[in-house]
Amino acid sequence: MQALEQRGIELKSLKENIDTTTPTGKLMFHMMAALAEFEHDVIRERTLAGLDAARARGRTGGRRKASETLRPEQLDRAKQLYAARQNSIAEIMALTGFKSRATFYKYVVNAEKSAENKPSTL
């Protein structure tokens, strides 16, 4: 608000009847801003407390990794079909239950490439 005031910009809200050209309008504006900031801080504190309580109960937020949801036989079948080079990526995904092309490439195509580049140990 001070930056706007230094530039000579005044606020006149028709709906809330706030006019920062008057001392009363400035007071109302600052009180509303302080209440909004207070409400924001209270919501943040409650959210963090809720997340901490959930973690204490063993719950973690966020999306599960695809590696946790893919069955090993599903992944093996996808790798076999991809190595055979007889089906398109879309067909392999439909046959094996992959929903995301990015996930397919991450766990099948790129996994195969990294296995090829990995030096064997004897």
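**Thr-20**

I started with Thr-20, which sits in the loop between strand E2 (18-19) and helix H2 (23-56). This is a predicted model, so I read every value here as computed. Buried or exposed? Thr-20 comes out buried, because its relative accessible area is 1%, under the 20% cut-off.

**Salt bridges**

How many salt bridges does a search of the whole structure find? I got two.

One joins the side chains of Asp-52 and Arg-55, at 2.9 Å from N to O. Both residues belong to helix H2 and lie three residues apart, about one turn of the helix. I checked the accessibility of Asp-52 too: it is partly exposed, at 45% relative accessible area.

Arg-71 pairs with Glu-73, and their closest N and O atoms are 3.1 Å apart. I have Arg-71 down as partly exposed, with a relative accessible area of 47%.

**H4 against H5**

Next I looked at how helix H4 (residues 72-84) packs on helix H5 (residues 89-96): the angle is about 155° and the axes are 10 Å apart. That angle is over 145 degrees, so I call H4 and H5 roughly antiparallel. I noted the crossing of H4 and H5 as right-handed.

Which residues make the contact? From H4 I listed Gln-74, Arg-77, Ala-78, Leu-81 and Tyr-82, and from H5 Ile-89, Ile-92, Leu-95 and Thr-96. Sorted by class, the contact of H4 with H5 has six nonpolar, two polar and one charged residues.

Note on methods:
Residues numbered from 1 in each chain as written. Predicted model: local features only at pLDDT ≥ 70, side-chain atom pairs only at ≥ 80, totals over all residues. Heavy atoms only, no water. Helix = DSSP H or I, 4+ residues; strand = E, 2+ residues; numbered from the N terminus. Buried < 20%, exposed > 50% of the residue type's maximum accessible area, 1.4 Å probe, protein only. Salt bridge = Lys/Arg side-chain N within 4 Å of Asp/Glu carboxyl O. Axes fitted to C-alpha atoms, helices over the stretch in contact; angles between N-to-C directions. Parallel < 35°, antiparallel > 145°, perpendicular 65-115°, else oblique. Left-handed = near helix turned anticlockwise from the far one by under 90°. Contact = heavy atoms within 4.5 Å. Nonpolar A, V, L, I, M, F, W, Y, C, P; charged D, E, K, R; others polar.
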